[in-house]
Amino acid sequence: MNRTRRMRLSVLLLYLFFILTGIIMLYPFWYVLMFSLSDPLRASVNKLNLYPSHFSLSTYKYVLTQPFLYTGFKNTIIVTVFGTLISMLLTIGCAYPLSKESLRGRKFLFSLIFFTMLFNGGLIPTYIVIKQLHMIDSLWALMVPSAVSVYNMLIMIKFYKGIPSELIESAKMDGAGDWYVLLRIVVPLSGAVNATIGLIYAVSRWNEFLPGVLYINDQSKRVLQVVLNGMLREDSLANQPGLQDLASSPESIKMAAVVISIVPILAVYPYLQKYFVKGMLLGSVKG
């Protein structure tokens, strides 16, 4: 009887712990959303902002009318879609052969790839290489240099090793080649890990900021994060037109910009959540 009570108490404490942890993690997002929906003249950073203070969409109307915002959205969508596609093609193309023990020079190739996970060329040498490749002021500079993540490749290699070898051998006995096996058998069976790695790449591309600052000088090719950063700077806020109603609360613009930047990814995540959890577990547990 005492043991049952202790178990119930332990479960109750666990529930309370996770509920409290969830509230602590969600509250910053809720605070930002409620602040952005409040009247700029009445909102205050010193309040808890559990609900909008005099509901108003004036901040969003101002932010969404900025000339380079939609250009930033377009460039970010291009970088996210094509960058994720390039990353997935290269990651799958490298992970599948490296998952095979019979590959000649596998250990040497794996060592070279793993070396890049520990060391990089540095900021200035990387910039020089990109400049010599004529990718300055090109969206390719945001997609190609960081196309492959070694960590993601390791997850995919581990997953491919868990695919029964008998399945691949039987396909080859029927005359299937390596490309057929990869495209018709391995990739369809890897839906969970593909969705997981694809989501990781997509989020990384969507939030990319530093490469956009370093390699893009043309305003028409700036990505969303760079555009929003320009809007968030205090010195630029004071000189932007149409700010009369928001002058007393530039923080409202910052909150609205944060919401605008994270909503698209938050809208996609629930559809891939089940694959995300399954893919991470299958990629980390052998067999």
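Q: What makes His-134 count as exposed?
A: This is a predicted model. His-134 has a relative accessibility of 72%, and exposed means over 50%, so His-134 counts as exposed. His-134 is found in the loop between α5 (123–132) and α6.

Q: What is the phi of His-134, a residue that is not a glycine?
A: The phi of His-134 is positive, about 60°. Most residues other than glycine have a negative phi.

Q: Which value does phi take at Asp-137, and why is Asp-137 called partly exposed?
A: Phi of Asp-137 is near 60°, again a positive value in a residue other than glycine. Asp-137 sits in the loop between α5 and α6. The relative accessible area of Asp-137 is 23%; buried means under 20% and exposed over 50%, so Asp-137 is partly exposed.

Q: How do you know that Arg-205 is buried?
A: The relative accessible area of Arg-205 is 3%. The cut-off for buried is under 20%, therefore Arg-205 is buried.

Q: Where is Arg-205 found, and what does Arg-205 touch?
A: Arg-205 is part of helix α9. Leaving out residues up to four places away in sequence, Arg-205 touches Val-79, Thr-80, Gly-83, Thr-84, Ser-87, Leu-142, Met-143, Ser-146 and Ala-147. The residues Arg-205 and Ser-146 are 59 residues apart along the chain, and their C-alpha atoms are separated by 9.5 Å.

Q: Why is Asn-207 called partly exposed?
A: Asn-207 has 43% relative accessibility. That value falls between the cut-offs of 20% and 50%, so Asn-207 counts as partly exposed. Asn-207 lies in the loop between α9 (191–206) and α10 (210–215). Between the C-alpha atoms of Asn-207 and Val-223, 16 residues apart along the chain, the separation is 9.3 Å.

Q: What makes Asp-178 partly exposed?
A: At 47% relative accessibility, Asp-178 is in the range between 20% and 50%, so Asp-178 counts as partly exposed. Asp-178 belongs to helix α8 (residues 178–189). In space Asp-178 and Ile-168 are 9.2 Å apart, C-alpha to C-alpha, and in sequence 10 residues apart.

Q: Why is α3 called roughly antiparallel to α11?
A: The axes of helix α3 (residues 69–98) and helix α11 (residues 224–232) cross at roughly 150° and come within 7 Å. Angles over 145 degrees count as roughly antiparallel, so α3 is roughly antiparallel to α11.

Q: Which residues make the contact of α3 with α11, and how is that contact divided by class?
A: From α3 come Leu-69, Gly-72, Phe-73 and Thr-76, and from α11 come Leu-224, Val-227 and Leu-228. By class these are 5 nonpolar, 2 polar and no charged residues.

Q: How does the length of α6 set against the expected span?
A: Helix α6 (residues 150–161) has 12 residues and reaches 16 Å from its first C-alpha to its last.

Q: Which residues of α6 are buried?
A: The buried residues in α6 are Val-150, Asn-152, Met-153, Ile-155, Met-156, Ile-157, Phe-159 and Tyr-160.

Q: How many helices and strands does the protein have, and what share of its residues is buried?
A: The protein has 13 helices and 0 strands. Of its 287 residues, 36% are buried.

Definitions and conventions. Residues are numbered from 1 along each chain as its sequence is written. This is a predicted model: local features need pLDDT of at least 70, side-chain atom pairs count only at pLDDT 80 or more; totals for chains, interfaces and linings use all residues. Side-chain values use heavy atoms; hydrogens and water are left out. Helices (H or I, at least four residues) and strands (E, at least two) are DSSP runs, numbered from the N terminus. Buried means under 20% relative accessible area, exposed over 50%, partly exposed in between (1.4 Å probe, protein chains only). Axes are lines fitted to C-alpha atoms, for helices over the stretch in contact, and angles run from 0 to 180 degrees between N-to-C directions. Angles under 35 degrees count as roughly parallel, over 145 as roughly antiparallel, 65 to 115 as roughly perpendicular and the rest as oblique. Contact means heavy atoms within 4.5 Å. Ala, Val, Leu, Ile, Met, Phe, Trp, Tyr, Cys and Pro count as nonpolar, Asp, Glu, Lys and Arg as charged, and the others, Gly among them, as polar. The expected span of a helix is 1.5 Å times one less than its number of residues.
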